[in-house]
Amino acid sequence: MASPFQSHLNTNYSPSDIEKLQITQFVKGLQDELRTLDTELEELRSRSVAAEDQSNPSHVGLTEVEQRITVLSTTREQQIHSIEQHTALLNPIRSIPTDILQSILEHCVNEPVPFASTELDTDPMSPQVCPMLLTFVCSSWRRVALDCPSLWDKPYIFLPEQRSAHHVRWIEILKNRAQLIRLWLSRAGIRPLTIAISSPRCLETNDGFHAVEEAIIYFSPQWKRLRVDGSNWILQTLLSLPASSVPNLEFADFTQDLFPGAEEVDAAIGRPNCLISSPSLRGVRLTGESLRKFQLIPLPWSHLRDIRFGKLFEPHDNSSSDREILELLEQCPRLQRCELYAPTDRVLQEARYHNPVILRQLTHLEFNHGLNQDNILNMTMLFLSLKLPALTTLKYSSLVGAESLRALLQRCAGTLRHLDLRIHGISARELLDMLAQTIQLESLKLAHPFRRGHPSPLLTDEFLKGLTPPTNEEEGNPAAQSSEFHCPSLRKIVLHVTEDPRISDEAIFNFIRGRRELDGPALQHVEISHPYHGRQGDVVAMLRERGVNTGDMTLKFWYGLGPGS
């Protein structure tokens, strides 16, 4: 049967609604013909089998039957192929509007890692991953992908180490990479760019390197987020750009150990008109220098919403103090998120009660004393000199003990919703007393740094009992009804127990049971790990036996010999 759609077969043609009906009828006719062929083939095969079973078969007749079977089999295969070709024209993907297809393709591209994340990007510019991979599916998808700027506005530019023994060949590789970068970024059109650059620490400067630099810098007016991890030469070049060349830059992320002691970078970062002095900048992460030197950087402090100062390299004879932290924070009235390491020397002797630093918009604070007990100082006066009326998330790591944390929680307990603590030298009772006012706390994560021979008195049955409400069975017990439990809004808890003492399965069972029977917000997530202890029992089985509804919960229990669920 001749097809009126022959010219559209094996193409990306999208038929109209009328044509779809015509194709459907044509396919139905092909299927009817196929059934007729199958019927005739079945009869011929029966005759062939019968002829073979006769003692004196007619060789001529048998040969004619076999030839007819061969012809019909070939016709049948052609018919099936034609049905498949015409059915493909009815595939819904052909009728998807271009904007919907673009949206689907956008979901095929991994998002870059968040600003200031400790993770690394994983999808370099390669034909083996999206979006470039999408251009090899078919000509239609290639056209749609190339016309979709949002697929190309988040490149991860990875410059590999020199592995070729031929220096000239290596320069050519870098020049080819520069051409790819230009082509890639040009496909983003005028969209703001999120660029991550990773290179070897020892990347040398040559013509290929300069070609890569030029390709990246050419698009600097479109930079919105910039993340650099690698050569000081790249960092120096980018930081030396004038602020006017990056009018849309909002976030600059220069990751761990990039430039401690690099004179060229120090010179670039201290210029009054360097890249990170752009008035559009709203977030920055820097590391490797002293806090005092950071204060000299011409950042647009009053506009910053997010600052992350990683682990500092403080000179012993010129270390920073918490007074300088206050001065720095005072310059950032719009700050919404802050990550700081504690200074190693010269703390405040008196809190600024009458003139505190008020951070009205700060919602996320991460403070790290480090995990080395040497030179760790009490930060109580620093925290008492702050006012944090909007803080909802606190991540705090320290070996100091209870006093500094207590002072900090006094400043934010009423608004706090998420608390992540990695602490040592604090008891269960001390922390429970601090949590007494955290009535809005929804998420609690606790761990104490492993220090052999220094067990923590924090993660014990006593602590979990302080978070456990009385159960329905205890309603008639005056002692149980008078007992106080903290954090009534808690929905998620994660506990990492290292050395003895441990938290018993009975305490875990009572905690989950009591929380699930509350009339208010229900507990949704419990994760408790005992990496140095074996399993005692089966908490999940205990909950089921007592009829506790855990159907919508996430329960994870890890022990030294593996996970339990």
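1. A word on terms before we start: a residue is called buried when its relative accessible area is under 20%, exposed when over 50%, and partly exposed in between (1.4 Å probe, protein chains only). Helices (H or I, at least four residues) and strands (E, at least two) are DSSP runs, numbered from the N terminus. This is a predicted model, in which local features need pLDDT of at least 70 and side-chain atom pairs count only at pLDDT 80 or more, while totals for chains, interfaces and linings use all residues. Residues are numbered from 1 along each chain as its sequence is written, and side-chain values use heavy atoms, leaving out hydrogens and water.

2. D207 belongs to helix α6 and counts as exposed, at 52% relative accessibility. Leaving aside neighbours within four places in sequence, D207 is in contact with I171 and K175. The C-alpha atoms of D207 and K175 are separated by 7.8 Å, although these residues are 32 apart along the chain.

3. Now for the nonpolar cores, each a set of buried Ala, Val, Leu, Ile, Met, Phe, Trp, Tyr and Cys residues joined through side-chain atoms within 4.5 Å. The largest has 123 residues, and W223, I276, L329, F463 and I512 have the most contacts inside it. Helix α5 gives the largest share of this core, six residues. A second, separate core of nine residues includes I23, L30, I83 and L89.

4. F26 sits in helix α1 (residues 17-53) and counts as buried, at 9% relative accessibility. Its C-alpha atom is separated by 7.9 Å from that of S3, 23 residues apart along the chain.

5. On to the strands, which pair if DSSP finds at least two bridges between them. Strands β6 (residues 306-309) and β7 (residues 337-341) run parallel, joined by three bridges, and D306 stands opposite R337 in β7. Five bridges join β7 to β9 (residues 364-368), again parallel; here L340 stands opposite F367.

6. T393 has its place in strand β11 (residues 393-398). Is T393 buried or exposed? T393 is buried, with a relative accessible area of 18%. Not counting residues up to four places away in sequence, T393 touches T363, H364, L365, L416 and H418.

7. Finally, look at strand β16 (residues 554-559). L555, F557 and Y559 form its covered face, and T554, K556 and W558 its uncovered one. Six bridges join β16 to strand β15 (residues 525-530), and the two run parallel. The chain crosses from β15 through helix α17 (residues 539-545) to β16 in a right-handed β-α-β crossover: with the strands pointing away from the viewer, the path from the first strand over the helix to the second runs clockwise.

Methods
Contact means heavy atoms within 4.5 Å.
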